[in-house]
Amino acid sequence: MEFNVNHPILFILVGIVIFIVLIQSIFFLVKSWKRGKEIGMDASKLKKIARTAIIFTIAPAIAIVISVITLAKDLGVALPWMRLSVVGSLSYETIAATNAESAMGLTFGSGTALNASQYVTITLVMTISILVGIWLVPLICKRLQNGMIKQEKRDKKWSAIFSDSMFVGMISAFLGYVFCDVADIAKGSTKGLIPVCVLFVAAAVMGIIGLLVKKAKIRGLADYALPISLIFGMASGIPITAWLG
Amino acid sequence: METYETYLNKVHKWGRIWNLSVAAILIAFPFVVALIFHVKPDGHGLILGLLSTAPVYWAVGFVETFTYIPMLGAGGSYLSFVTGNISNLKLPCALNSLEQAEVKANSDEGEVISTISIAVSSITTTIIIFLGVLLIRPLTPILQKEALAPAFENLVPALFGGLAVVFISRSWKIAVAPAIVMLILFIFIPALNAHTVGVVVPFSVLFTLGVSRLMYKKGLLD
């Protein structure tokens, strides 16, 4: 059988993997939905959570499709389809593929036709490198969760601060990242200000929605505040880039 | 009705079976491809590729797992680490739902909300990527239009701009120190960028926890 990166057999194999993981998502959805009803959450609340999640996911998922297209130039469509539907992430996959290709003397993005051995090697590198989370969660999740529950029972107030601190810590790191190219202004480039301006636009939109919810009592907007601020922020990237880029 | 603890024990059991099975399937994929096409991996390329990728990814994966589990809840953690795209999609999605319901991931209701958000987000992502793959020929020129590129390049700033308003305004006392420290670090250390932000997250979380604990002990968070 002659190999190419878009061989139909690869699509069948990838389709099977994605289908299994899709079943896992449906399994957990059904179980948590049942649990929600059991503890007295009404169906309208559960549906609202699902609706908000769908709307929020659309824009980031389209960005993931763009990554599939980018990776497909070298790796074919099947492998990026699997990696970005299962286990992978936007930022990691390109780096892993680049390292794996350069280890075999290839250049990522050149569109060189890979042979089967190169393809298997790249897939192995990408898989072995990223699997930590999948096997580590089963080993430590229960212990960590029990620790959190014990902490909650011991000191409720600190437990609430602990949760908030984790979220704030994560968000602070990403805030810092948005400013990472600001220093380039010293070199005469204003490009580094683009993400900063986008961040402020999204923040301003979120602030305005907050005011509309509180002052004008448009409560329905609260459910869609994050997706709306996300879309406005992303869209603002177009004129801001034209201005500063 | 079963207790929260009993339900969580079941979630851990299901999660272990699912995650370890998916890990085995993912590892099997390259070997099945090798068998079908009668080839072996390039040993030299494999070792070099792993040396340049695995140590960093393993270190990041290790600290990320410890950092994200308390934020995602049990079901959300098992599912997120299998379906991927955690910091740019699954975690913000769960945070948004938890914030609206005003509950924490490590509570009975929070566990349900976080898991439903992440499961629905995963299913939606899978469907959208599937449609993208199915329509890849007509979609490629549209999605790769130069005019649209800045919108998708700025997904992370747009996402965290909105999230920052919600969480920093609510916990501003906690946020001042880590926000200032992270800004200084990212502005003045060139090595900190899009590729290394994942490594910085756990350190930022630990720093924030330390500062919060200190402020809490001194009664500054009353």
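Reader: Hi! Which residues line the largest cavity?
Author: Met148(A), Ser163(A), Met166(A), Phe167(A), Pro70(B), Met71(B), Lys104(B), Ala105(B) and Asn106(B) line the largest cavity. This is a predicted model, where local features need pLDDT of at least 70, side-chain atom pairs count only at pLDDT 80 or more, and totals for chains, interfaces and linings use all residues. Residues are numbered from 1 along each chain as its sequence is written, chains are lettered from A in the order in which they are written, and side-chain values use heavy atoms, leaving out hydrogens and water.

Reader: Thanks! What counts as a cavity, and what as lining?
Author: On a 1 Å grid over the protein atoms alone, a cavity is a set of points where a 1.4 Å probe fits but cannot get out, and a pocket is an open set with protein on both sides within 12 Å along at least five of seven lines; lining residues have an atom within 4 Å of a point.

Reader: What volume does the largest cavity have?
Author: About 40 Å³, where a volume is the space filled by probe spheres set on grid points joined across faces, edges and corners. The structure holds four cavities of 30 Å³ or more.

Reader: Which helix gives the most to that lining?
Author: H7(A) does, with three residues; helices here are DSSP runs of H or I with at least four residues, numbered from the N terminus. The lining of the largest cavity has six nonpolar, two polar and one charged residue. Nonpolar covers Ala, Val, Leu, Ile, Met, Phe, Trp, Tyr, Cys and Pro, charged covers Asp, Glu, Lys and Arg, and the others, Gly among them, are polar.

Reader: And how much space lies in the second largest pocket?
Author: About 730 Å³. Of the 22 residues lining the second largest pocket, the closest to its centre are Gly210(A), Lys214(A), Ala222(A), Glu99(B) and Val166(B). H8(A) gives the most to this lining, with seven residues.

Reader: Switching to rings: how many aromatic pairs are there over all chains?
Author: The count comes to 14. Rings of Phe, Tyr and Trp (its six-membered ring) pair if their centres lie within 6.5 Å; planes under 30 degrees apart are stacked, over 60 edge-to-face, and the rest tilted. Phe3(A) and Phe37(B) form an edge-to-face pair, 5.0 Å centre to centre with 90° between the planes.

Reader: Are those two buried or exposed?
Author: Phe3(A) and Phe37(B) are both buried. Buried means under 20% relative accessible area, exposed over 50%, and partly exposed in between, with a 1.4 Å probe and protein chains only.

Reader: Nice. Why is the pair of Trp81(A) and Phe130(B) tilted?
Author: Their planes are at 35°, with ring centres 6.1 Å apart, so the pair is tilted. Trp81(A) is buried at 8% relative accessible area, whereas Phe130(B) is partly exposed at 39%.

Reader: Last topic: how many salt bridges over all chains?
Author: Eleven, each being a side-chain nitrogen of Lys or Arg within 4 Å of a carboxyl oxygen of Asp or Glu. One of them joins Glu38(A) and Arg35(A) at 2.8 Å, N to O. Both lie in helix H1 of chain A, three residues apart, about one turn of the helix. Arg35(A) is buried at 2%, while Glu38(A) is partly exposed at 38%.

Reader: Which residue of chain A does Glu5(B) form a salt bridge with?
Author: Lys153(A), with the closest N and O atoms 3.4 Å apart. Glu5(B) lies in helix H1 of chain B and Lys153(A) in helix H6 of chain A, so the pair joins two chains.
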